[in-house]
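The stops below are meant to be taken in order.

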Amino acid sequence: RPPPGSSSINCVAVRSHHMSTTFNPGTFTPAPKRASAGAMLLAQGKMEAKLMLRHGEQQLLSVIIPLALLIGAAHLESLTGHGLHEVFPMVLAVAATSAGFTGQAISLAFDRRYGALKRTGASGVPAWAIIGGKILGVLTMVVFQILVLGIAAYILGLRISLDGVLLMILSLFFGVAAFTAMGLLLGGTLSSEVVLALANLIWFLLLGVVGWTLYSQGLGDNGILNAVPTVALAGALTDASNSVFPGLELLSLLAWLAVASFAAVRWFRFDG
């Protein structure tokens, strides 16, 4: 109904004016839209990294135990017969196993058990961003391990050439990728109780095999024992620290990466 003192024609003109009015982009804020792929991946990766770095058990397996092994080996060289240069690659391999495999498998299994992973997926975050974020979280933990263990080894007297350091980083990249794929496979397929027991058992077995290999015959040129991923990674890091390209060991890690990735994609479950 037109207000007093106005005509119907004037009201129609006012309505037509308002209906034809357009606004420049950005007039109304915020402007909701889907985040970019990079933004989603970065946000998920930051969250996963914070969760890993704040978790006490993760720090125990991934940093404290490897650091204790490193310091112990440096002070017991006269008893064991193996110096820091031989033990440091094994310690890095153990640390990568802890971060990429054991810690990832256990955290993923409990995320599935309590529905956290399913809720994250239901929030609109795609599956590739969830998995990619977990990989970024593991890489963050590995960078932290390298800094802590590398500085400790340097203080204890270890010196490695620049070529050796670069080859070690390359070997560690393939090793972390393989162990992360194995962790995603285990944590994404079995129940949390089974994963908790099995992941820790496998960690002790892998640690035992690589330790036995070191103290029985030394790391590097380990033949069939390179089929064990921790031996392959420790052997690759040993060769790399001596500026030798670890071809056979990297092939073993690539095989583990391919098989575990295929199986994880095939049987991974977001609930359970």
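The tour goes from the whole chain to single helices, and then to selected residues.

**Ground rules**

This is a predicted model, in which local features need pLDDT of at least 70, side-chain atom pairs count only at pLDDT 80 or more, and totals for chains, interfaces and linings use all residues. Residues are numbered from 1 along each chain as its sequence is written, and side-chain values use heavy atoms, with hydrogens and water left out.

**Whole chain**

Select the protein chain and colour by secondary structure: there are 11 helices and zero strands. Helices here are DSSP runs of H or I with at least four residues, strands are runs of E with at least two, and both are numbered from the N terminus. Along the sequence the pattern reads α-α-α-α-α-α-α-α-α-α-α.

Next, colour by accessibility. Of the chain's 272 residues, 42% count as buried; buried means under 20% relative accessible area, exposed means over 50%, and partly exposed lies in between (1.4 Å probe, protein chains only). The chain exposes about 14,500 Å², with carbon and sulfur atoms supplying 70% of that area. Areas come from the Shrake-Rupley method with a 1.4 Å probe; for residues, only the protein chains shown count as cover.

A contact means heavy atoms within 4.5 Å. Among contacts between residues at least 6 apart in sequence, 79% join residues at least 24 apart.

**Helix α2**

Select residues 37-54, which form helix α2. How far apart are its end C-alpha atoms? They are 26 Å apart, in agreement with the 26 Å that its 18 residues should span at 1.5 Å a residue. The expected span is 1.5 Å times one less than the number of residues.

Now show the side chains of Met 40, Gln 44, Gly 45, Glu 48, Ala 49 and Met 52, the buried residues of α2. They cover an arc of only 155° around the axis, which puts them on the same side of α2. The arc is that of the directions from the helix axis to the C-beta atoms. An α-helix has 3.6 residues a turn, so residues three or four places apart point the same way. On the other side of α2, select Leu 42 and Arg 54, which are exposed.

A search of the whole structure finds one salt bridge, defined as a side-chain nitrogen of Lys or Arg within 4 Å of a carboxyl oxygen of Asp or Glu. Select Arg 113 and Glu 193: the closest N and O atoms of this pair are 3.2 Å apart. The two residues are 80 residues apart, with Arg 113 in helix α5 (residues 84-113) and Glu 193 in helix α9. Both partners are partly exposed, Arg 113 at 41% relative accessible area and Glu 193 at 48%.

Step to Ser 192, which lies in helix α9 (residues 192-216). Is Ser 192 buried or exposed? Ser 192 is buried, with a relative accessible area of 3%. Beyond its neighbours within four places in sequence, Ser 192 is in contact with Ala 109, Phe 110 and Arg 113.

**Helix α7**

Select residues 127-156, helix α7, and find Leu 147 within it.

Not counting residues up to four places away in sequence, Ile 146 touches Ile 151 and Leu 172.

Select α10, where 13 of the 13 residues are buried. From first C-alpha to last, α10 reaches 18 Å, close to the 18 Å expected.

Pick Ala 234 in α10; its relative accessibility is 0%. Leaving aside neighbours within four places in sequence, Ala 234 is in contact with Pro 89, Met 90, Ala 93, Val 210 and Leu 219. The C-alpha atoms of Ala 234 and Gly 211 are separated by 9.8 Å.

The last stop is Ser 243, in the loop between α10 (229-241) and α11 (247-267). Ser 243 has a positive phi of about 65° although it is not a glycine. Most residues other than glycine have a negative phi. Ser 243 counts as partly exposed, at 38% relative accessibility.
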